[in-house]
Amino acid sequence: MSHPELLDRLSERYHIAPEYRDIWGNRQQVSEETQRALLGVMGVATDSDQHMQQALERAEAEDWGRPLPPVHVAREGEGCIRLDITVRAESAGHWHRWTLTEEDGGRREGRFRPSDLEQEGQRMLDGEVRERRILSLPDDRPGGYHRLELQDLEMPGEGISSMSLIVVPADCYRPQAVSGGQRVWGLNIPLYALRSSRNWGIGDFTDLIRVLEFAAQAGVDLVGLNPLHALFPHNPSHASPYSPSSRQFLNVLYLDVEALPEFAECDAAQHQVRDRVFQQRLDRLRGSELVDYPGVAGAKMTVLETLYGHFQKKHLDRGDERAEAFARFRRSRGDALRLHALYEAIQESLHRADPSVWGWPAWPEPYRHPESEAVAAFATEHAERTGFYEYLQWQAHAQLRRAGHRAFELGLALGLYQDIAVSVDVGGAETWANQELYVLEGRIGSPPDDFNLDGQDWGLPPWNPEMLRDCGYAPFIKTLRENMSTAGVVRLDHVMSLMRLFWVPAGMSPREGGYVSYPFQDLLGILALESHRNRCLVVGEDLGTVPDEVREALRPMGVLSYRLLYFEKADDGNFRTPADFATQALIATSTHDLPTLSGYWEGLDLELRDRLHLFPTAKHREDQIIGRAEDRARLLVALEKEGLLPAGLSVQAVPEGEMTVDLAVSIHRFLARTPAMVMMAQMEDVLGQREQINLPGTTDERPNWRHKLRLDLEQWEREPRVLAILNALREERAVIT
């Protein structure tokens, strides 16, 4: 076999696409160098034809060497399940037994001879002929996670082979609130940005409950949040929720310290908080225009440590009911919680000794592997500190769960709307605990586009599709469960990741990256199953260069498309009329990576990009400035057609300067008239803020993820601008399409 053929076959075997179309529609070939690099980060040697041939043979041996695949995903109502099984030719005539253990404990079984089954293929492996046959199982299986076992009854010494069989529904959960032409609306709130008279300089879970109470009074159906994923307690300045330590645990800075049950019992903690100097410290944290993450963490951790000490003495040492509740939480989260807390304890200890230790790849070698003797010794020696971090997760989950319950008590139709990041930080707890699952020398990114001519490297490691399938998709299932458990709606950031991700090998530029495919239909099916189990509506962030086949697959699955006003234009460049918007969609003005409505109108994002030298060329800058002026005019024309042009404005003379309340109300009414099932108003737009949350392509150049909302939560109900926009939305969305 020739060299190019070997490389192409290896690339196909490991799901590397040979080409892709860029944002301009041009076909881009993936170079041989990129193919080699992508295979290399997956641990496949390509430095010689011999090594490539050996890699192909190993892959084929792995495929043909196991009697059952690791997992099979089947859909309800699609007839009998057809499974590939592999047997030695000499045992094909033996009687075999399959046993299906259902999730609820029920069992069913059947007997067959492989030689009686349809043959799909044959291979020579280790001097023996292997046959692939198709086993059909009954079509009356229930939905859920089941276990299938296979045994050669005439060769009992060979043992039992097993696999995961996942039976999924045809589509995702669709709540009653968005059926029959009904349309719901909500508020998007960056939780960290909430100001209140009582928080400690960052929004917390008690603030969230108060937002829900405000929302219920305003007739809101759901409240959306930034990702609540666990970040890095040792480094609170790492503020991006889209680069978390773990997506299976929570950011403990959102804890309301004074709401912990131990606080009411602990005189020492109460004394700490009542102290005049501490109160002055809290006043400064509340009064700052930006979230002071180190200051907030310092204040909260000091008191939380006191509370955990109290919890140990009063509850753990006595083994009372509260101690048992903690034990139940530990058992329910199992090794995942233990390893997460252990990671935080080790990282804290090593970082304190050497501030350059940024994450587990920078740890001393003995600590880099969760199962090492050094880690076991650390866990024994620092059991109390590990317990502290487990306690914080217990309390964070309890407070978020309380908020989720409160949302439905208040009558919000869809409750909380939570966001799931596309991946995790390479140095965080999740990658440390699951190193074989992540491709640690690869990074997720995107190919060149109008805004980034060199493409993007997001610094996040991708899942290895082979390993994901080998473990029965368990990490994907856990991530969905943890984030759906308290939500009525979830949004999958970069939903295209279910089908493919753009990988950038370490040391290469995004221009040299390529797409790697994932088992799309399997992941979609599991998404549907978990959405039903958690009664959760699903939104897929499908902005940008998303292949048509992704949107075509999501639509019949009932996944809502994610649409933004700024991009909803017809072919002639004009904004769509409300009637032309998609129905199966969530519509909003903007998102965290784009300018606020006021910032967009005033062109502040263009000024900022210019100041930070983020335009690829002078022509791109000029085109963006001219395009924004045209968009302002087009937006006024669209409002005029709907009879929404505010008094005093004219399409003949496009105004400049700040966005008025009347114009903001009109734009929100315009969006609210669309048939989109869900409409979200950004709280920054409701309050008329100019600064955007995050500017892609920047880290320390500006305060991303730090700007607070303009008004204290307690003032919202008296703010004319807030009342005007919310009243308009309530009126418009009450109309059934």
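## An open sheet and a pocket

In this predicted model, 5 strands form an open sheet with mixed pairing, in the order β3-β10-β9-β5-β6. Strands are DSSP runs (E, at least two residues), as helices are (H or I, at least four), numbered from the N terminus, and two strands pair if DSSP finds at least two bridges between them. The edge strands, each pairing on one side only, are β3 (71-75) and β6 (107-112). From one strand to the next the twist averages 25°, with axes fitted as lines to C-alpha atoms and angles running from 0 to 180 degrees between N-to-C directions. Strand β5 (residues 96-101) pairs with β6 in the antiparallel sense over 6 bridges, and Trp 98 has Gly 110 in β6 as its bridge partner.

The second largest pocket has a volume of about 830 Å³. A pocket is an open set of points on a 1 Å grid over the protein atoms alone, where a 1.4 Å probe fits, with protein on both sides within 12 Å along at least five of seven lines; lining residues have an atom within 4 Å of a point. Grid points are joined across faces, edges and corners, and the volume is the space filled by probe spheres set on the points. Of its 32 lining residues, Arg 13, Asp 63, Arg 66, Arg 132 and Arg 469 lie nearest the centre. Among the elements giving two or more residues to this lining are α1 (3-13) and α13 (465-470), while α3 gives the most, with 7 residues.

| Lining class | Residues |
|---|---|
| Nonpolar (Ala, Val, Leu, Ile, Met, Phe, Trp, Tyr, Cys, Pro) | 12 residues |
| Polar (the others, Gly among them) | 5 residues |

Residues are numbered from 1 along each chain as its sequence is written. Local features need pLDDT of at least 70 and side-chain atom pairs count only at pLDDT 80 or more, whereas totals for chains, interfaces and linings use all residues, and side-chain values use heavy atoms, with hydrogens and water left out.
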